[in-house]
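Let's walk through this model together, starting with its strands and ending with its charged side chains.

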Amino acid sequence: MVVRIRLARFGCKNRPFYRVLAADSRSPRDGKHLEVLGYYNPLPGQDGGKRMGLNFDRVKYWLSVGAQPSDPVQRILFRAGVLPPPPMLAMAHKGGPRDTRPVDPLSGRPKSSESAENKSDN
């Protein structure tokens, strides 16, 4: 059984709310799960930030036994400081060849190598 850490959608129309779950990869998105690990609310609160709560001990346990996080959960766990930044490559343009420059995970922009070239020239 392959275990995935993924989001299950709750809430109503235009007001999503997600639970972070450990679930079998073959079960449907909102179906049977093994354990609830936390929540994520993408709508800004009164302070203007997105709200989330995670049980870090259980998340680390599931990762240690081989659970694979989905892409959105991987970004959430990176922002929480549990995982290293995911490998990202920039696209030159839609449908075009991939740009091999590394991407800053927080801003999503390609990292400029100009500063590195200028340092090597001096």
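The paragraphs below cover strand pairing, then one aspartate, then the salt bridges. A word on conventions: this is a predicted model, in which local features need pLDDT of at least 70, side-chain atom pairs count only at pLDDT 80 or more, and totals for chains, interfaces and linings use all residues. Residues are numbered from 1 along each chain as its sequence is written, and side-chain values use heavy atoms, leaving out hydrogens and water.

Begin with strand β1 (residues 3-12) and strand β2 (residues 15-24), which run antiparallel and are joined by ten bridges. Strands here are DSSP runs of E with at least two residues, helices are runs of H or I with at least four, and both are numbered from the N terminus; two strands pair if DSSP finds at least two bridges between them. Arginine 6 sits opposite leucine 21 of β2. The hairpin has two residues between its strands, and asparagine 14 there adopts a positive phi near 65°. On to strand β3 (residues 35-41), which pairs with β2 in the antiparallel sense through five bridges; valine 20 has glycine 38 of β3 as its bridge partner.

Now look at aspartate 24, which belongs to β2. It counts as buried because its relative accessibility is 16%, where buried means under 20% relative accessible area, exposed over 50% and partly exposed in between (1.4 Å probe, protein chains only).

How many salt bridges does a search of the whole structure find? There are two, each a side-chain nitrogen of Lys or Arg within 4 Å of a carboxyl oxygen of Asp or Glu. Aspartate 24 meets arginine 26 at 3.2 Å, N to O, and arginine 26 counts as exposed because its relative accessibility is 67%. Glutamate 35 meets arginine 58 at 2.9 Å, N to O. This pair links distant parts of the chain, 23 residues apart: glutamate 35 lies in β3 and arginine 58 in helix α1 (residues 56-64).
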